[in-house]
Amino acid sequence: MNVKAKQIKYNISRMSPPELSSVIHTEDSGTRKIELHLFNQNTPIDISGSSATARFVSENRELVNDNVACNVTDDNVVLIPLDVLSDRTGQMYIEVKIVSGDKVLTLPYPLTVYVRGTILEMAHILPESGGTIPELLERVEEELARVQDMGDGKTPGEVGAGVNVSSASVNQNGTITFTLSDGSTVTTTGESVIGPQGQAGTDGISPTATVTQTATGATVSITDKNGTTTANISNGVNGSDYILTAQDKSDIANIVLGLLPTTQGVQYGNQSN
């Protein structure tokens, strides 16, 4: 296993705390070390034959681990392991103590390390992709299982007759592409994928109408995107009085006669006929 080392040059005569020493992810804390080089002004400090320990303290001053053994190399370098931070996140302080015989050297200011979540947990493809890489990978697995179940009752892993899913990939928009063993591809999309914009619809007509009264009638104007159309409406011709015909008069007389009483005489005042 390769050990990745972060080199820190520490001047013990400095009167202010050093800046952030290192940023690591939880998954590489077990394979990363801090390579601490000590100086007094510009002169390297000889710590050959010494032993060193480190104390890890959280940002809220909670003791994480104490007396962690560090390796002191022949070229005066203190190697500080970081595997004690594998289950921690956030800012951590490392206090280093170096012992040589009856002499003890304690660094005036602790080293500072910031531990982040795993790279996979922290990564996003695009904001609009709607998920982290683990979430998209879960979608890939679901789609892969669905594609593998396609075909005519073949065993899982086969698509059709003798065609297998050989690989799958996700692009920056969240589109999943499966490559089959025959060289063909199957592309699927998820809910978070943004499709292409459709063509713009045709503008509506949206007509408007106005009516203007005139002495002889009215004028109606209708306007839409194609322009204005005008129509004139004239007043109707005045009607004339109806003149009774001879048939009309006969019909009226018969109606009146039908309403008269059937007695032998009709008195009008003191007279009788």
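This is a predicted model: local features need pLDDT of at least 70, side-chain atom pairs count only at pLDDT 80 or more; totals for chains, interfaces and linings use all residues.
A: Let's start with a term: a contact means heavy atoms within 4.5 Å. In this chain, residues 24 or more positions apart account for 48% of the contacts with a separation of 6 or more. Residues are numbered from 1 along each chain as its sequence is written, and side-chain values use heavy atoms, with hydrogens and water left out.

Q: How many helices and strands are there in the chain?

A: Helices (H or I, at least four residues) and strands (E, at least two) are DSSP runs, numbered from the N terminus. Here you get three helices and 18 strands.

Q: What share of the 273 residues in the chain is buried?

A: Buried is under 20% relative accessible area, exposed is over 50%, and partly exposed sits in between (1.4 Å probe, protein chains only). Buried residues come to 27% of the 273.

Q: Which residues touch the most other members in the largest nonpolar core?

A: The general idea is that in soluble globular proteins, nonpolar side chains tend to be buried together. A nonpolar core is a set of buried Ala, Val, Leu, Ile, Met, Phe, Trp, Tyr and Cys residues joined through side-chain atoms within 4.5 Å. In this model the largest one has 28 residues, and Leu36, Phe56, Val78, Ile80, Leu85, Ile94 and Leu111 touch the most other members. Strands giving two or more residues to this core include S1 (4-11), S3 (32-40), S5 (51-58) and S6 (63-72). Also on that list are S7 (77-81), S8 (90-100) and S10 (111-116).

Q: Which residues does Val78 touch?

A: Leaving out residues up to four places away in sequence, Val78 touches Ile34, Glu35, Leu36, Ile47, Ala52, Cys70, Asn71, Val72 and Ile98. One of these, Val72, is also the bridge partner of Val78.

Q: How many bridges join S5 to S6, and how many join S6 to S7?

A: Two strands pair if DSSP finds at least two bridges between them. S5 and S6 run antiparallel with five bridges, and in this pair Phe56 has Asn65 as its partner in S6. S6 and S7 are also antiparallel, with two bridges.

Q: Which residue takes a positive phi in the hairpin of S5 and S6, and which one does in the hairpin of S6 and S7?

A: In the S5-S6 hairpin, with four residues between the strands, look at Arg61, whose phi is positive, near 70 degrees. The S6-S7 hairpin also has four residues between its strands, and there Asn76 has a positive phi near 65 degrees. Asn76 is not a glycine, and with a relative accessible area of 21% it counts as partly exposed. Further along, S12 (residues 176-180) and S13 (residues 185-188) pair antiparallel over four bridges. Thr179 is partnered with Thr185 there, and Gly183 takes a positive phi near 95 degrees in the hairpin.

Q: Where is Asn67 placed, and is Asn67 buried or exposed?

A: Asn67 is in strand S6 and counts as exposed because its relative accessibility is 54%. Asn67 too has a positive phi, about 55 degrees, without being a glycine.

Q: Is Ala54 buried or exposed?

A: Ala54, in strand S5, is at 1% relative accessibility, so it counts as buried. Setting aside neighbours within four places, Ala54 contacts Asn65, Asp66, Asn67, Val68, Cys70, Ile80, Ile94 and Glu95. Its C-alpha atom is separated by 6.6 Å from that of Ala69, 15 residues apart along the chain.

Q: Is Arg32 buried or exposed?

A: Arg32 has 17% relative accessibility, so it counts as buried. This residue lies in strand S3 and touches Lys4, Ile24, Pro81 and Leu82, not counting residues up to four places away in sequence.

Q: Where is Val115 placed?

A: Val115 is in strand S10, and at 1% relative accessibility it counts as buried. The C-alpha atoms of Val115 and Thr89 are separated by 4.8 Å, though the two are 26 residues apart along the chain.
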